[in-house]
Amino acid sequence: MNILHIDCSPRLESHSRQLSAAIVKQLLAVAPSASISRRDFAATPLPHASPEYATTLSSPATLAAPLKGALELSETLIQEVEAADVIVIGTPMNNLTVPSVLKAWIDQILRAGRTFKSTPAGKVGMLRDRPVFIGIASGGVFTGDRANQPDFLTPYLSVVLSSIGLKTLQFFSVQATAFLDGDQATSARDKALAAIDLTVMTEIA
């Protein structure tokens, strides 16, 4: 079993990194022999779409005859997803949505004719479904009675990942991180992960 572990925060001790690490720890408790592939978008940021990549994706004709090298990064990232049995993503909520480093990854793995096909009803995923665990850290509050900001992150990720075939998603959030000390952060993380459903790991194993 292979776990693809992705982190997005530029802070090495960030709440989202601690949350994703805690998720991986729980997964390894169920599948101790699992291997882990890492993508740290803070340590090694992905470039945004190049002119060659954008041109190649601009029409069916150019996609059928891609510019040399234009799809190499996209193909590498897609193959990493295909090789993973489980994906874990740790991300902050930046300005109500995903950070640009995560968006750069999304822009490379959503590719017409490779990870989705277009139909009159919309995008249809071409990848095999697999569990995706997403840990979110937010300085503000976006759920519940104390919510003081909208959430464009979870619905966005739900739609884009589903559009390539990844539909078994679990979201966990630690909110109001700007006001949490160490013990409170640990408690909030434990509370968020209390809802984790590990039966999907048993089914894979």
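Colleague: Are Phe-41 and Trp-105 buried or exposed?
Modeller: This is a predicted model, where local features need pLDDT of at least 70, side-chain atom pairs count only at pLDDT 80 or more, and totals for chains, interfaces and linings use all residues. Residues are numbered from 1 along each chain as its sequence is written, and side-chain values use heavy atoms, leaving out hydrogens and water. The scale goes by relative accessible area (1.4 Å probe, protein chains only): under 20% is buried, over 50% exposed, in between partly exposed. On that scale, Phe-41 and Trp-105 are both buried.

Colleague: How many aromatic pairs are there?
Modeller: Rings of Phe, Tyr and Trp (its six-membered ring) pair if their centres lie within 6.5 Å; planes under 30 degrees apart count as stacked, over 60 as edge-to-face and the rest as tilted. By that rule, the number of aromatic pairs is two.

Colleague: What kind of pair do Phe-41 and Trp-105 make, and how many residues apart are they?
Modeller: Their ring centres are 6.5 Å apart and the planes sit at 40°, so this pair is tilted. For the parts named here, helices (H or I, at least four residues) and strands (E, at least two) are DSSP runs, numbered from the N terminus.

Colleague: Asn-95 has a positive phi; is it buried or exposed?
Modeller: Most residues other than glycine have a negative phi. Asn-95 has phi near 50°, in the loop between β3 (86–92) and α5 (100–109). Its relative accessible area is 76%, so Asn-95 is exposed.

Colleague: Is Ala-176 buried or exposed?
Modeller: Ala-176 also has a positive phi, about 60°, and its place is the loop between β7 (169–175) and α7 (182–193). With a relative accessible area of 9%, Ala-176 is buried.

Colleague: What is the bridge partner of Lys-117 in β5?
Modeller: Two strands pair if DSSP finds at least two bridges between them. Antiparallel strands β4 (residues 116–119) and β5 (residues 122–125) are joined by four. In β5, the partner of Lys-117 is Val-124.
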